[in-house]
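Thank you all for making the time this morning.

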Amino acid sequence: MDASVIDREALLAELDGDEELLAELVETMRAEAPKLLHEVQAAVAACDPALVARAAHTLKGAVSNFGARGTADAALQLERIGRSGDLGDVASALATLELEMREFEKAL
């Protein structure tokens, strides 16, 4: 795991040092991360602020469990845009999230 993207030590500490559980979580996230990003992308494509906020919030929670601060911050930005109801900056924020997600997925 890339320590600049994922805080492996903090995650492992939360799991009481259980390496097997960590491996299971990583595998689950590898499967779920693309789905979570797709939900955000679909919400943006639908121009639905409430859906953008909800999908970004869900993704933010999932990556936060891995200490992925950059990815979580990018998701938070989209969540805030959705909650504001003004999707004017959504394309730029989505591009940032997509970049962060690529790095996150590589780090897994």
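Predicted model: local features only at pLDDT ≥ 70, side-chain atom pairs only at ≥ 80, totals over all residues.

Let me start where Gly70, Thr71, Ala74, Ala75, Gln77, Leu78 and Ile81 of α4 meet Val90, Ala93, Leu94, Thr96, Leu97, Glu100, Met101 and Phe104 of α5, where contact means heavy atoms within 4.5 Å. Sorted by class, this contact of α4 with α5 has 10 nonpolar, four polar and one charged residues; here Ala, Val, Leu, Ile, Met, Phe, Trp, Tyr, Cys and Pro count as nonpolar, Asp, Glu, Lys and Arg as charged, and the others, Gly among them, as polar.

Residues are numbered from 1 along each chain as its sequence is written, and side-chain values use heavy atoms, with hydrogens and water left out. As for the element names, helices (H or I, at least four residues) and strands (E, at least two) are DSSP runs, numbered from the N terminus.

Now to the geometry of that pair. The axes of α4 and helix α5, which covers residues 90–107, come within 9 Å and cross at roughly 155 degrees, the axes being lines fitted to C-alpha atoms, for helices over the stretch in contact, with angles that run from 0 to 180 degrees between N-to-C directions. That makes α4 roughly antiparallel to α5, on a scale where angles under 35 degrees count as roughly parallel, over 145 as roughly antiparallel, 65 to 115 as roughly perpendicular and the rest as oblique. The crossing of α4 and α5 is left-handed, a term used if the near helix is turned anticlockwise from the far one by less than a right angle, with right-handed used if clockwise.

What, then, covers the buried residues of α4? The cover includes α2 (19–45), α3 and α5, and the buried residues themselves are Thr71, Ala72, Ala74, Ala75, Leu78, Glu79, Ile81 and Gly82, where buried means under 20% relative accessible area, exposed over 50%, and partly exposed in between (1.4 Å probe, protein chains only). With its 16 residues, α4 reaches 22 Å from its first C-alpha to its last, close to the 22 Å expected at 1.5 Å a residue, the expected span being 1.5 Å times one less than the number of residues. After α4 comes Gly85, whose phi is positive, near 85 degrees.

Turning to the other partner, the axes of helix α3 (residues 49–64) and helix α4 (residues 69–84) come within 7 Å and cross at roughly 160 degrees. That makes α3 roughly antiparallel to α4, and this crossing, too, is left-handed. Among the residues that make the contact are Val52, Ala56, Leu59, Lys60 and Val63 of α3 and Ala72, Ala75, Leu76 and Glu79 of α4, and by class the contact has 11 nonpolar, four polar and three charged residues.

Is Lys60 buried or exposed? Lys60 is buried, with a relative accessible area of 19%, and, leaving aside its neighbours within four places in sequence, Lys60 is in contact with Ala72, Ala75, Leu76 and Glu79. The buried residues of α3, including Lys60, pack against α2, α4 and α5.

That brings us to α2 and α5, which pack at an angle of about 175 degrees with their axes 11 Å apart. That makes α2 roughly antiparallel to α5. The contact is made by Met29, Ala33, Pro34, Leu37, Val40, Gln41 and Val44 of α2 and Val90, Leu94, Leu97, Glu98, Met101, Phe104 and Glu105 of α5, and these residues divide into 11 nonpolar, one polar and two charged.

Finally, the loops. Asp16, placed in the loop between α1 (8–14) and α2, has a positive phi of about 55 degrees although it is not a glycine, and Asp16 is exposed, with a relative accessible area of 73%. Cys47 lies in the loop between α2 and α3; phi of Cys47 is near 55 degrees, a positive value in a residue other than glycine, and at 56% relative accessibility Cys47 counts as exposed.
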